[in-house]
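Hello,

Here is the structure I promised to pass on. Please open it first; my notes follow below.

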Amino acid sequence: MNVSEGRGMAEFTQTARVLSVTDLTPNVRQLILLPTTQKLAFQPGQWVSLKLPVGSTPPLNRAYSMAVPASPSGELTLVFDRVPDGLGSRYLSQIRAGDELLLSGPYGNFVLPQPLDRELLCIAQYTGLVPIRCMLKAMYAHRETVPVLVIAVGPAEDELLYHQELLSLALMRPSFRYLPLVASGEESAVALTVSMLRQLVSDQSKVIPMLCGTKGFVRPLRGYFVETGYDRKDVKTETYD
C-alpha cells in the first residue's frame, strides 16, 4: 500500500534484495524484500519509503506499509496495487526476484493505541487493509483478546484483499468479526460503510476507530465519528494519496 509521506531529518538509505513477487489479486502484488545492510525495527502499521529510479527528477519516493510484523530474518513484506499511469506502480510491476530496491524508514504513527481497552474497529479501503493486517498478525501472535471488527471495502469481489484469510480468522476467533464490502467509487464506498456503521456501532459503547484509505474515503468517515460524539484525536487515520 502506498501512503502519504512526511518530511524529516536526513535519512539512512539502504538497498534491499527482492526475494519473491506474488500476485494477491488481479491488480495487487506482494513483494518480499530483505534489507542488505541492517534489519529494520518497526511497529505494525508503519511504512518504508522506496526510492524509485523513475520520473522527471528521480528518485521518486513512494511509501509502502508492511503487511507482516518484523521477523528475526529481517524480511519486509510490501503490497501495492497497479495504478493506471502510475509511475511507481508501473516500475514496481516490472520488478522480479533478485532485483534490488533502495529504501529508508520505518516511518509513521498509524500504530495500535495502548491500552486496547475497547473494541477495535478497523475500516480499510482496498490496500488500506495492509497495515491493519500487519496489526492483526501482531495482536494474535501475542494472544490479544480484545474484540475486533474489520470492515474492508474493495473495488470488486476479486479485489477483496486477504479475503479468505480474514474469513478463516472470523471462524477461528469468536472475538473477531469481518465485514467485506464492494463499492467501485469513493462516494459509494463511504455511503455503504456509513450505512453499515449505523447498524453495527451506533448503540454500543465507544470503540477505537482506525481508518485507512484515500482522503476522499477517510475524511468523511472521520467526520461521521466526530458527529457521533468522538473526539477527533481519538479517530486514528492513515491516507495514501
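Start with Asn61. Asn61 is partly exposed, because its relative accessible area is 34%, a value between the 20% and 50% cut-offs. Bear in mind that this is a predicted model. Asn61 sits in strand β5, which covers residues 60-65. Its side chain makes a polar contact with the side chain of Lys51, at 3.2 Å. Gly88 is 27 residues from Asn61 along the chain, and 8.4 Å separates their C-alpha atoms.

Next, Thr127. Thr127 belongs to the loop that links β8 (120-125) to α2 (129-141). Thr127 has a relative accessibility of 0%, so it counts as buried; the cut-off for that is under 20%. Which residues does Thr127 touch, leaving aside those up to four places away in sequence? They are Met1, Val28, Asp81, Leu161 and Tyr240.

The crossing of α2 past α3 is left-handed. On the α2 side, the contact involves Leu129, Arg133, Leu136, Lys137 and Tyr140. On the α3 side, Glu165, Leu166 and Leu169 meet them. Sorted by class, this contact has 5 nonpolar and 3 charged residues, and no polar ones.

Best wishes

Note on methods:
Residues are numbered from 1 along each chain as its sequence is written. This is a predicted model: local features need pLDDT of at least 70, side-chain atom pairs count only at pLDDT 80 or more; totals for chains, interfaces and linings use all residues. Side-chain values use heavy atoms; hydrogens and water are left out. Helices (H or I, at least four residues) and strands (E, at least two) are DSSP runs, numbered from the N terminus. Buried means under 20% relative accessible area, exposed over 50%, partly exposed in between (1.4 Å probe, protein chains only). A polar contact is a pair of N or O atoms within 3.5 Å; within protein, one must be able to donate a hydrogen and the other to accept it, and residues adjacent in sequence count only if both atoms are side-chain atoms. Contact means heavy atoms within 4.5 Å. A crossing is left-handed if the near helix is turned anticlockwise from the far one by less than a right angle, and right-handed if clockwise. Ala, Val, Leu, Ile, Met, Phe, Trp, Tyr, Cys and Pro count as nonpolar, Asp, Glu, Lys and Arg as charged, and the others, Gly among them, as polar.
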